[in-house]
Protein chains: 2
Amino acid sequence: MGRLEETLKRIGEPDGAAMGQARARQDQLTKPPGALGALEEISIKVAGIAGEAMPRPGRKVVLVMAADHGVTAQGVSLYPRDVTAQMLHNFLAGGAAINVLARHVGAEVRVVDVGVAVDVEAEGLTVRKVRHGTADMSEGPAMSREEARACVEAGIAVAEEELEAGAWMLAAGDMGIGNTTAASAITAAMAGMDPREVTGRGTGLDDEGLERKVGVIRRALEVNRPHPSDALDVLAKVGGLEIGAIAGVMLAAAAARRPVLVDGFISGAGALIAAGLHPLAPHFMLASHLSVERGHAVILERLGLHPIIRANMRLGEGTGAALGFSLVEAALKILSEMATFAEAGVSGPEGEQG
Amino acid sequence: MGRLEETLKRIGEPDGAAMGQARARQDQLTKPPGALGALEEISIKVAGIAGEAMPRPGRKVVLVMAADHGVTAQGVSLYPRDVTAQMLHNFLAGGAAINVLARHVGAEVRVVDVGVAVDVEAEGLTVRKVRHGTADMSEGPAMSREEARACVEAGIAVAEEELEAGAWMLAAGDMGIGNTTAASAITAAMAGMDPREVTGRGTGLDDEGLERKVGVIRRALEVNRPHPSDALDVLAKVGGLEIGAIAGVMLAAAAARRPVLVDGFISGAGALIAAGLHPLAPHFMLASHLSVERGHAVILERLGLHPIIRANMRLGEGTGAALGFSLVEAALKILSEMATFAEAGVSGPEGEQG
């Protein structure tokens with residue numbers, strides 16, 4: 001049995017008893033029941049994930065998975081492919097958006113090369129390269145099925161390293177010029193939707209560029225005919241190496257019963273692959289923000305996830321998920337730190353003493 | 001000239017030059033222009049507020065304004081009026097939601113009694129009581145015009161104390177059983193809308209309770225006929241003492257050129273009064289979350305404010321605004337801490353070196 005199957009086997013149901021205890025406590029806290037909305041729901045979900053009535057958050061790590069995309073040859077992005085490797089140096093120097101936001105919320109950033117086209121040598125970079133970028137999906141499969149499995153397993157391996165080193169909560173971000181094209185293709189394939197409905201402007205395509213991108217995705221789906229119910233097949237044919245690694249992170253978190261934050265569209269595509277590999281995986285995921293990329297809403301709805309942040313973001317890297325970390329912590333602190341009606345001597349509804 | 005007029009006189013336009021510089025810098029940072037959406041917009045707005053191209057956030061204070069409402073005699077809330085005073089003790093003991101969330105984001109909480117029905121003695125409480133709760137607005141004016149002015153000036157005074165003591169960013173929260181009724185009445189009056197369109201379930205009214213509440217608001221508006229373009233008249237006739245104080249906080253922040261966060265529906269009603277007193281006041285406000293209370297969206301739209309957090313919250317106290325503080329800080333750190341394309345050696349669109 002491979003590492004993927006071993007991980008899938010460890011994924012179980014959320015802990016219903018812990019969720020019930022968390023919900024009961026939320027209703028005793030000094031606020032009208034439900035008045036903290038999604039913060040209450042998040043605390044209950046995380047209680048079920050961790051199997052504790054009152055989970056205390058610990059170390060938070062954003063795993064930024066980087067890879068290149070052969071489909072950039074079709075002119076689907078405004079930025080040259082070189083930017084993927086250049087951005088790795090920026091991440092490692094601490095100058096990118098994800099570094100700033102991770103510092104702000106007290107999270108660590110780990111950068112993983114799972115398939116950048118060039119070989120990058122930089123201190124602090126984790127190299128788990130499965131291949132030097134994908135092939136052009138508009139002409140054939142982006143990668144082989146073995147490579148698809150390998151990038152998922154690379155994500156599992158790195159996530160497990162972090163979890164074993166004490167990470168309590170993970171997020172999976174991405175870097176890869178051209179990867180909204182892959183994410184759109186995955187979403188169209190798995191949701192059975194027309195590419196036009198799930199394709200956006202990425203880093204800023206104009207109308208003509210968007211038309212071209214939709215056409216490229218349509219061609220990729222026609223050429224490859226990915227099987228919607230076989231997530232590894234979809235990943236291999238129209239996916240990306242970083243997207244596979246993101247799916248691996250989500251599966252490893254689920255297996256370890258730790259919450260994992262979904263970032264934007266690319267991270268969501270990874271979550272969709274993870275859910276295709278194990279139907280319980282979304283129970284261990286938390287949404288953070290809703291991206292401008294239109295396919296993201298489709299993904300989150302399919303996964304049953306509710307984003308709290310609506311900031312018209314479309315950067316990736318894990319930037320929305322980093323902000324989400326802080327909201328999850330806030331939710332857990334509400335659960336554990338607020339006084340109950342009885343403790344505070346505050347009256348409940350209609351004058352009953354709570 | 002009174003304290004209110006002096007404050008209004010100090011409110012000016014945002015600094016367009018600082019905004020232009022902030023926008024130019026955002027476009028040089030290592031991300032596609034606009035990819036951080038609302039975070040970019042917030043940083044530019046705050047640059048204009050503070051008159052600095054790269055503002056650095058400092059001390060953050062949530063002012064929780066508390067008062068009672070005579071209209072509770074009409075059965076508009078599930079909770080007894082005593083809860084307002086009881087919650088003051090909870091705030092001061094650090095056990096309420098606002099305490100937990102303020103600690104989480106590194107903000108201070110200051111609690112102000114501007115009109116609680118009973119006299120509360122508690123260490124740490126600021127007493128600026130204008131009267132012991134409002135009168136029942138369904139039978140006549142909630143307070144006199146002089147009292148309306150006095151509660152706005154109480155808010156100005158407390159905010160100025162905090163600003164003089166080094167607060168860099170403020171938020172205005174509320175506590176007051178019955179205050180969604182007042183906020184709905186203010187919104188209906190100032191927006192010229194039917195009470196039904198701006199009235200929600202508050203702490204959890206059922207359908208019958210909601211009907212009663214709408215009827216009470218309708219009666220209050222008929223009995224009092226507040227003049228929509230005279231904000232002090234609206235505040236006096238159908239407002240609340242804490243709502244007036246919140247308006248004062250917003251005006252003081254605008255006069256001092258400091259950002260002030262709007263919390264939920266009650267805080268929004270205070271913001272509406274502030275905007276009625278000075279049309280430039282909203283330029284110094286930032287929205288945080290969108291409340292479940294339906295009138296909140298009406299208010300934010302009128303003020304031209306865009307909430308980032310959609311968490312189905314409806315608690316007040318400043319809870320949404322506290323979370324908002326962290327997002328404003330994140331936005332300002334993006335502006336000041338991210339590397340530019342040139343600094344990081346990253347290529348711009350179409351291979352141009354940035």
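Predicted model: local features only at pLDDT ≥ 70, side-chain atom pairs only at ≥ 80, totals over all residues.

Visitor: With which residue does E211(B) form a salt bridge?

Guide: Side chains of opposite charge can pair when their charged atoms come close. The rule for a salt bridge asks for a side-chain nitrogen of Lys or Arg within 4 Å of a carboxyl oxygen of Asp or Glu. For E211(B) the partner is R196(B), with the closest N and O atoms 2.7 Å apart. The two sit 15 residues apart, E211(B) in helix α8 (residues 207-224) of chain B and R196(B) in the loop between α7 (179-191) and α8. Helices here are DSSP runs of H or I with at least four residues, strands are runs of E with at least two, and numbering starts from the N terminus. R196(B) is partly exposed too, at a relative accessible area of 37%.

Visitor: What does the salt bridge between E41(B) and R23(B) tie together?

Guide: The closest N and O atoms of E41(B) and R23(B) are 3.9 Å apart. E41(B) lies in helix α3 (residues 37-50) of chain B and R23(B) in helix α2 (residues 16-26), so the pair ties together parts that are 18 residues apart in sequence. E41(B) is partly exposed at 41% relative accessibility, and R23(B) is partly exposed at 40%.

Visitor: Are E40(A) and K31(A) buried or exposed?

Guide: Both E40(A) and K31(A) are buried. Their side chains meet in a salt bridge of 2.9 Å, N to O.

Visitor: Which residues are linked in a network of salt bridges?

Guide: In chain A, R59(A), E108(A), R110(A), R128(A), E161(A) and E162(A) are linked in this way. Over all chains the count comes to 42 salt bridges.

Visitor: How is the size of an interface given, and what is the area buried between chain B and chain A?

Guide: The size of an interface is often given as the accessible area lost when the parts come together. Buried area is that loss with a 1.4 Å probe, summed over both parts. Between chain B and chain A it is about 4,400 Å², of which carbon and sulfur atoms give 62%. Y79(B), H104(B) and R310(B) supply 13% of the area that chain B buries against chain A, more than any other three residues. As for contact (heavy atoms within 4.5 Å), 54 residues of chain B touch 54 residues of chain A.

Visitor: How many salt bridges does the rule find across the interface of chain B and chain A?

Guide: The rule finds 2 salt bridges there. E337(A) forms a salt bridge with R103(B), with the closest N and O atoms 3.1 Å apart. α13(B) gives the most to the side of chain B that touches chain A, with 9 residues.

Note on methods:
Residues numbered from 1 in each chain as written. Chains lettered and ligands numbered in written order. Heavy atoms only, no water. Buried < 20%, exposed > 50% of the residue type's maximum accessible area, 1.4 Å probe, protein only. Buried area = accessible area lost by both parts, 1.4 Å probe.
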